[in-house]
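The stops below are given in the order in which to select them.

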Amino acid sequence: MEPLATRRGSIHVLSMNVLLFGATGMVGQGVLRECLLDAGVRSVVTVGRSATGQHHQKLKELVTPDLTDLSKYESQLSGFDACFFCLGVSALGMTEAQYSKLTYDLTMSVARTLARLNPDITFIYVSGRGTDSSEHGRMMWARVKGKTENALLALPIKAYMFRPGAIIPLHGIRSRTNWYNTLYTITRPVFPVLERLFPDAVTTTEQVGKAMIAVARSGSRMRVLETPDINKL
Ligand SMILES: NC(=O)c1ccc[n+]([C@@H]2O[C@H](COP(=O)([O-])OP(=O)(O)OC[C@H]3O[C@@H](n4cnc5c(N)ncnc54)[C@H](OP(=O)(O)O)[C@@H]3O)[C@@H](O)[C@H]2O)c1
């Protein structure tokens, strides 16, 4: 890791080694693009059950079928400054138990392993607008994401929660969920209007990626960042 420099009391990581989960997804593809373009990101290791297939001198890919057990890969998972956790599934058609397994259990298993191997790591989790910090609301997905956020915030690492609303995919990026792609194709002509009409509810894959890098580099006063906070960064 590069040394840290202080400026006006805040800490800036000069050159970062980044771990990226969910790099094949819509949000993850956007974050990967910004990491590869950013001169301050020295290396990116994606971790997933499939590879992105991209080639870049800064990029390495770790492919494993079961992300809940990373014990075999621990030697490859230390020395990181930041983890951008963009892995997630839609709760549509799932029971709370099924959704919790892929949301809470998987995320916490990864985060606990990384916290042990990288005590100084910045861990950024993508939850979503409407996430329920009380863990007791009516929306199942929001309760489970709220429980996951709360558990991450309780870990002894610099954890930040990103709660974007609608995310517009830019630069040819596509979702893993087909009906999202259909929706994006239909609404693409009105994206600029949506961004102007709802600046507090709409962001882009590019803005999310740049905001994650900014938080990992310089921190943020807020641990939970909503769409306007993400767009400001
Ligand atoms: N898209 C939006 O507008 C939006 C808005 C707010 C919040 N979010 C949140 O952002 C996160 C990512 O969303 P997205 O739109 O990027 O989703 P996406 O396009 O469906 O991508 C999901 C990613 O998670 C990975 N994944 C899913 N289940 C997995 C499993 N069991 N094991 C390993 N990897 C798994 C996928 O890998 P594979 O390639 O292997 O399937 C893929 O990389 C989600 O938590 C979502 O709720 C999204």
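Start by selecting Glu149, Arg163 and Glu226, which are linked in a network of salt bridges. A salt bridge here is a side-chain nitrogen of Lys or Arg within 4 Å of a carboxyl oxygen of Asp or Glu. This is a predicted model, in which local features need pLDDT of at least 70 and side-chain atom pairs count only at pLDDT 80 or more, while totals for chains, interfaces and linings use all residues. Residues are numbered from 1 along each chain as its sequence is written, and side-chain values use heavy atoms, with hydrogens and water left out.

The side chains of Glu149 and Arg163 meet in a salt bridge at 2.6 Å, N to O. Glu149 lies in helix H3 (residues 140-153) and Arg163 in strand E8 (residues 158-163), so this pair ties together parts that are 14 residues apart in sequence. Helices (H or I, at least four residues) and strands (E, at least two) are DSSP runs, numbered from the N terminus. Both Glu149 and Arg163 are buried. Buried means under 20% relative accessible area, exposed means over 50%, and partly exposed is in between (1.4 Å probe, protein chains only).

Keep Arg163 selected and move to Glu226. The closest N and O atoms of this salt bridge are 3.1 Å apart. Because Arg163 lies in strand E8 and Glu226 in strand E11 (residues 224-226), the pair ties together parts that are 63 residues apart in sequence. Arg163 has a relative accessible area of 8%, so it is buried, whereas Glu226 is partly exposed at 28%.

How many salt bridges does a search of the whole structure find? The search finds seven. Select Glu34 and Arg33 for another of them, with the closest N and O atoms 2.9 Å apart. Glu34 is buried, with a relative accessible area of 5%; Arg33 is partly exposed, with 28%.

Which of the 23 residues around the ligand come nearest? They are Thr24, Val27, Arg49, Lys145 and Arg176. A residue is counted as near if one of its heavy atoms lies within 4 Å of the molecule or strand in question. By class, the shell has 10 nonpolar, 10 polar and three charged residues. Ala, Val, Leu, Ile, Met, Phe, Trp, Tyr, Cys and Pro count as nonpolar, Asp, Glu, Lys and Arg as charged, and the others, Gly among them, as polar.

Now display distances from the ligand oxygens. An N or O atom in the side chain of Thr24 is 2.5 Å from a ligand oxygen. For the side chain of Arg49 the corresponding distance is 2.7 Å, and a polar side-chain atom of Arg176 lies 2.8 Å from an oxygen of the ligand. The protein covers 87% of the 900 Å² of accessible area that the ligand has on its own. Accessible areas come from the Shrake-Rupley method with a 1.4 Å probe; for residues, only the protein chains shown count as cover.

Stay on Arg176, which is in the loop between strand E9 (166-168) and helix H4 (178-187). With 60% relative accessibility, Arg176 counts as exposed.

Finish at Val193 in helix H5 (residues 191-197). Val193 counts as partly exposed, at 36% relative accessibility.

Methods
A polar contact is a pair of N or O atoms within 3.5 Å; within protein, one must be able to donate a hydrogen and the other to accept it, and residues adjacent in sequence count only if both atoms are side-chain atoms.
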